[in-house]
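My entries follow in the order in which I looked.

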Amino acid sequence: MYSPFNFLFGWLSNDLAIDLGTANTVLYVKGKGIVLREPSVVAVRQDGRMNKVLAVGQEAKLMLGKTPGNISAIRPIKDGVIADFEVTEAMLRYFIKKVHNRRTLVHPRIIISVPSGITQVEKRAVKESAESAGAREVYLIEEPMAAAIGADLPITEPTANMIIDIGGGTTEVAVISLAGIVYAKSVRVAGDKMDEAILQYIKRKHNLAIGERTAELIKTTIGNVMPEEPYETMDIKGRDLVSGVPKTITVGADEIQSAIAEQVDVIVEAVRVALELTPPELAADIVDQGIVLTGGGALLKNLDKCLKEETGMPIIVADDPLSSVVLGSGKALDNIEILKEVCID
Ligand SMILES: Nc1ncnc2c1ncn2[C@@H]1O[C@H](COP(=O)(O)OP(=O)(O)OP(=O)(O)O)[C@@H](O)[C@H]1O
């Protein structure tokens with residue numbers, strides 16, 4: 001409900017929602033909406049024992065695979081969890097400062113989304129890195145819950161809300177009812193594993209070495225789970241593994257489909273298992289209301305069609321799948337009642 005106090009509080013507040021993703025970090029400021037979206041990459045130079053941060057986000061991503069010996073472009077989040085604590089903290093500190101116009105005295109309340117079913121140790125790492133980066137209070141929310149709120153599903157109703165969130169590191173499949181998670185499964189197969197599979201395929205089939213950025217570009221350009229003839233093609237550059245010199249080849253969408261088939265199967269299987277384990281009354285709701293697809297992986301061409309064919313359920317791609325998680329976390333932050341119900345310890 002609108003109130004001048006809420007308005008004023010929202011305006012003065014520095015509270016943040018953060019989707020600390022394997023591929024992208026997205027920040028939402030209370031009262032303003034999404035204010036930052038950058039790749040979760042940090043370029044670090046090793047000076048003896050000290051590490052110096054050279055670049056963060058987009059600038060650092062451009063350096064992936066192109067750095068000289070003493071500089072490394074690090075992705076500190078792996079499979080949805082913190083793999084490098086120090087670098088994650090430096091990245092968070094940089095992003096928080098950036099959205100608060102480099103004011104260092106700001107100590108916001110922060111809500112961060114985490115994969116469902118992560119360990120206590122992994123949760124503590126997220127909380128501590130946010131605290132070290134300047135947070136006053138840290139709340140955690142499970143990604144599928146945040147994605148469901150962000151996709152405007154009626155999570156507090158006694159009805160099944162089924163969500164599939166496909167990110168860079170994890171695919172989360174969950175059924176939510178009455179603001180609680182009835183079923184959740186997180187599998188560590190998502191966009192990154194598809195990129196890796198494309199990279200290996202090009203190496204094996206075409207004797208061409210490519211980097212992970214090129215592999216991702218192939219996926220987002222001609223990646224298609226059910227391509228049709230005439231197949232889309234793309235010219236890609238890499239290093240010929242036989243002659244050792246740079247070379248350009250043409251790949252087709254049919255090839256990329258077979259390269260990522262194993263990863264797509266894992267996702268389909270996770271959804272099938274979730275449907276099998278959902279209590280019958282809730283399963284009936286899913287038949288009526290369908291399953292909502294979020295995360296960057298939802299943009300993979302025809303994945304929705306393939307999931308529909310494999311499960312027989314209606315599949316709805318969220319309006320802005322790359323933002324669902326952070327928008328949901330932001331909504332929770334805006335509403336204390338929801339925040340109390342959906343946050344985890
Ligand atoms: N058009 C597209 N087609 C296929 N994949 C895409 C497309 N656009 C983005 N992606 C993929 O989506 C993934 C990133 O999605 P998202 O930002 O939701 O993940 P994340 O939140 O960083 O990861 P996680 O939730 O696993 O920690 C990347 O693997 C990216 O390549």
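In which sense do strand E2 and strand E3 pair, and over how many bridges? I found strand E2 (residues 24–29) and strand E3 (residues 33–39) paired in the antiparallel sense over six bridges, where two strands pair if DSSP finds at least two bridges between them. Helices (H or I, at least four residues) and strands (E, at least two) are DSSP runs, numbered from the N terminus.

I noted before going on that this is a predicted model, in which local features need pLDDT of at least 70 and side-chain atom pairs count only at pLDDT 80 or more, while totals for chains, interfaces and linings use all residues. Residues are numbered from 1 along each chain as its sequence is written.

**Six-stranded sheet.** I looked at the E2–E3 hairpin, which has three residues between its strands, and saw that glycine 31 in the turn has a positive phi of about 85°. Tyrosine 28 stands opposite isoleucine 34 in E3. I then followed the open sheet of six strands, whose order is E3-E2-E1-E9-E10-E19 with mixed pairing. E3 and strand E19 (343–344) are at its edges with a single partner strand each, so one side of each has no neighbour in the sheet. Strand E9 (residues 109–114) and strand E10 (residues 137–142) run parallel and are joined by six bridges, with isoleucine 112 opposite leucine 140 in E10.

Helix H5 (residues 143–150) lies across E9 and E10 and runs at about 85° to E10. Helix H12 (residues 324–334) lies across strand E1 (16–20), E2, E3, E9 and E10, at about 150° to E1. Axes are lines fitted to C-alpha atoms, for helices over the stretch in contact, and angles run from 0 to 180 degrees between N-to-C directions.

**Three-stranded sheet.** I recorded a further open sheet, of three strands in the order E5-E4-E6, with antiparallel pairing. Strand E5 (50–56) and strand E6 (71–74) are its edges, each with a single partner strand, so one side of each is left without a neighbour in the sheet. The twist averages 30° from one strand to the next. Strand E4 (residues 42–47) pairs with E5 over six bridges, and the bridge partner of aspartate 47 in E5 is methionine 50. Helix H3 (residues 85–99) packs on this sheet, touching E4, E5 and E6, and its direction makes about 125° with that of E4.

**H6 against H7.** I read an angle of about 105° between H6 and H7, with their axes 8 Å apart. That makes H6 roughly perpendicular to H7, a term for angles of 65 to 115 degrees. Met194, Asp195, Ile198 and Leu199 in H6 meet Glu212, Ala215, Glu216, Ile218 and Lys219 in H7.

Conventions:
Two residues are in contact if their C-beta atoms, placed from the backbone, lie within 7 Å. Angles under 35 degrees count as roughly parallel, over 145 as roughly antiparallel, 65 to 115 as roughly perpendicular and the rest as oblique.
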